[in-house]
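Hi everyone, thanks for making time this morning. I'd like to walk you through one model and stop at a few places along the chain. Please have the structure open while I talk.

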Amino acid sequence: MKLSGSTKIVGLIGYPVEHSKSPVMHNAAFDSLGLDFMYLLFSVRPPYLKEAVMGLRALNIVGANITIPYKEEVMKYLDDITAEAKLIGAVNTIHNQDGKLIGYNTDGQGFITSLLTDGRVKLEGQKVLLIGAGGAGKAVAVKLAERGVERLVITDKIEEKAKALVGRLQENIPDCPVYAMPPGDKEFAKTVLESTLLINATPVGMKEGDPPIIDPEYLHKALFVYDVIYNRETPLIEAAKKRGLRTLDGMGMLIHQGAASFEIWTGQKAPIEVMRNRILQEAGKL
Ligand code: NAP
């Protein structure tokens with residue numbers, strides 16, 4: 001990778017960010033297309049978020065990804081936000097268009113592309129149970145409701161979060177039947193049994209020793225299991241594979257959300273296979 005006087009900069013704003021695999025994925029993509037771009041990590045401590053975002057404009061930085069803990073807070077510093085990111089309530093990508101900072105959310109796009117292409121899942125007729133109504137869950141829910149599934153049930157440890165998300169979806173995408181389920185609801189087992197797609201959008205499973213997000217006894221043959229976690233094979237995915245179910249982890253979502261951000265910044269089609277190979281290599285999976 002060569003730097004020139006006109007190298008365009010993009011990067012990741014979050015805290016902490018040191019663990020991120022986005023630089024290797026994006027820089028491999030820029031290299032493969034011969035684009036004079038570079039992706040950097042910006043570890044921004046909480047008091048400095050506003051200055052960091054204003055700095056994108058001041059330093060003529062092309063754009064940024066935004067990660068934990070700033071996906072919601074960053075919205076108040078932007079000039080415009082896409083309707084989808086507004087509905088999700090979070091921004092994970094900024095594009096500096098001639099000094100105008102535009103906020104996007106590519107997490108939902110990353111999820112749906114991964115589900116449709118990597119998982120070859122058809123959305124028609126899907127009865128979905130989504131666990132987790134935080135950042136990832138909101139993006140996944142908006143995309144599923146927009147694209148149309150037969151039914152979407154959302155549950156979260158904090159009932160209010162699931163209810164608020166369901167309320168926003170019912171108001172904005174009234175054609176899709178969406179319901180909130182309180183935690184510990186006695187209908188939970190029945191809902192899993194009736195579902196065809198189970199999505200874990202909580203951090204449960206990220207750490208060694210975490211239990212599966214649901215009792216593996218509930219995993220039935222007709223269920224496709226998608227876990228947005230990408231740092232390891234979660235106990236949920238492990239249990240589902242053991243029962244012969246079709247599964248996907250969050251690696252595809254990560255790659256495709258990155259690809260969507262890449263396309264926003266460069267205006268070029270992202271080299272998905274380059275990005276996938278580089279990130280899998282980095283994760284020790286190739
Ligand atoms: P988040 O905003 O904290 O949301 C997680 C939600 O799940 C919270 O509302 C949390 O409640 C809830 N929750 C936790 N344990 C639960 C349980 N046992 N049952 C029901 N709900 C529970 O986190 P996030 O940003 O959405 O991230 C969630 C996971 O997605 C992380 O592992 C992250 O790495 C992953 N992720 C992956 C991608 C990708 O591209 N593959 C993209 C984004 C995020 P509390 O707040 O009360 O704990």
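Before I start naming pieces, one definition: helices here are DSSP runs of H or I with at least four residues, strands are runs of E with at least two, and both are numbered from the N terminus. Please also keep in mind that this is a predicted model.

With that in hand, let's go to P16, which sits in the loop between β1, residues 8-14, and α1. What kind of peptide bond joins Y15 and P16? It is a cis bond, with omega at about 0°. There is another cis bond to look at, running from I68 to P69, and here omega is near 5°. P69 is a loop residue too, placed between β3 (63-66) and β4 (80-81). For background, most peptide bonds are trans, and most residues other than glycine have a negative phi.

N60 is not a glycine, yet its phi is positive, about 55°. You will find N60 in the loop between α2 (49-58) and β3. Is N60 buried or exposed? With a relative accessibility of 61%, N60 counts as exposed, because the cut-off for that is over 50%. D98 is another residue other than glycine with a positive phi, this one near 50°. D98 belongs to the loop between β5 (93-97) and β6 (100-104). Its relative accessible area is 84%, so D98 is exposed.

Now to the helices. Let me take α10, residues 272-282, and begin with its partner α9, residues 251-266. The axes of these helices come within 10 Å and cross at roughly 130°. That angle makes α9 oblique to α10, and the crossing is right-handed. Which residues make the contact? From α9 we have M251, L254, I255, H256, G258, A259 and F262, and from α10 there are I272, M275, R276, I279 and L280. Sorted by class, that contact has nine nonpolar residues, two polar ones and one charged one.

α10 also packs against α1, residues 22-33, at an angle of about 140° and with the axes 8 Å apart. α1 and α10 are therefore oblique to each other, and their crossing is right-handed. On the α1 side, the contact uses V24, M25, H26, A28, A29 and S32. On the α10 side, it uses V274, M275, R278, I279 and E282. The classes here come out as seven nonpolar, two polar and two charged residues.

What does W265 touch, leaving aside neighbours within four places in sequence? Its contacts are V10, H26, F37, Y39, V62, G63, A64, N65, T93, I94 and H95.

The largest nonpolar core has 35 residues, and the members that touch the most others are L144, L152, I154, L169 and I199. At least two residues of this core come from each of α3 (83-88), α4 (107-118), β7 (127-131), α5 (135-147), β8 (151-155), α6 (159-172), β10 (197-200) and β11 (224-227). Which of these gives the most? That is α5, with six residues. Zooming in on I199, and again setting aside neighbours within four places in sequence, we see contacts with F111, V128, L129, L130, I131, V140, L144, Y226 and V228. There is also a second, separate core of 20 residues, and L12, V17, M251 and F262 are among them.

For my last stop, here is R120, in the loop between α4 and β7. R120 counts as exposed, at 68% relative accessibility. Not counting residues up to four places away in sequence, R120 touches L115 and R246. The C-alpha atoms of R120 and G11 are separated by 31 Å, and the two residues are 109 apart along the chain.

Terms used:
Residues numbered from 1 in each chain as written. Predicted model: local features only at pLDDT ≥ 70, side-chain atom pairs only at ≥ 80, totals over all residues. Heavy atoms only, no water. Axes fitted to C-alpha atoms, helices over the stretch in contact; angles between N-to-C directions. Parallel < 35°, antiparallel > 145°, perpendicular 65-115°, else oblique. Left-handed = near helix turned anticlockwise from the far one by under 90°. Contact = heavy atoms within 4.5 Å. Nonpolar A, V, L, I, M, F, W, Y, C, P; charged D, E, K, R; others polar. Core = buried A, V, L, I, M, F, W, Y, C linked by side-chain atoms within 4.5 Å. Buried < 20%, exposed > 50% of the residue type's maximum accessible area, 1.4 Å probe, protein only.
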